[in-house]
Amino acid sequence: MIFAEPDYPNIVLSFEYRGFIIQIDESRYEGQILYAAWADYAYGCAVAVPFAPTRRLAVREARRWVDRRI
């Protein structure tokens, strides 16, 4: 899939959780709002949640992602 316009991060929420910085990204695709969660930590960063339909679900799944890593 090729996008005509790049999708730059639009961070709408950022918080610290157990030493990780979680950043919630909001984007639009075909008129629908989608959320993703990035986890930054001492050794790098990762996409903790590639897709979530709501901000609340993105936050919950990002916390679960961190809990599984600890």
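Helix α1 takes in residues 55–69, and its 15 residues reach 21 Å from the first C-alpha to the last. That is close to the 21 Å expected at 1.5 Å a residue, where the expected span is 1.5 Å times one less than the number of residues. Helices here are DSSP runs of H or I with at least four residues, strands are runs of E with at least two, and both are numbered from the N terminus. The model is a predicted one, in which local features need pLDDT of at least 70 and side-chain atom pairs count only at pLDDT 80 or more, while totals for chains, interfaces and linings use all residues. Residues are numbered from 1 along each chain as its sequence is written, and side-chain values use heavy atoms, with hydrogens and water left out.

So what does each side of α1 look like?

Next come the salt bridges, and the structure holds three of them. Each is a side-chain nitrogen of Lys or Arg within 4 Å of a carboxyl oxygen of Asp or Glu. In one, the side chains of D67 and R18 meet at 3.2 Å, N to O. D67 sits in helix α1 and R18 in the loop between β1 and β2, so this pair ties together parts that are 49 residues apart in sequence. D67 is partly exposed, at 33% relative accessible area, whereas R18 counts as exposed at 52%.

E26 pairs up with R55, and here the closest N and O atoms are 3.5 Å apart. With E26 in strand β2 and R55 in helix α1, the link joins parts that are 29 residues apart in sequence. E26 is partly exposed at 21%, and R55 is partly exposed at 36%.

R64 and E61 also meet in a salt bridge, at 3.1 Å from N to O. Both belong to helix α1, where being three residues apart separates them by about one helical turn. R64 counts as partly exposed at 42% relative accessibility, and E61 is partly exposed at 25%.

Methods
Buried < 20%, exposed > 50% of the residue type's maximum accessible area, 1.4 Å probe, protein only.
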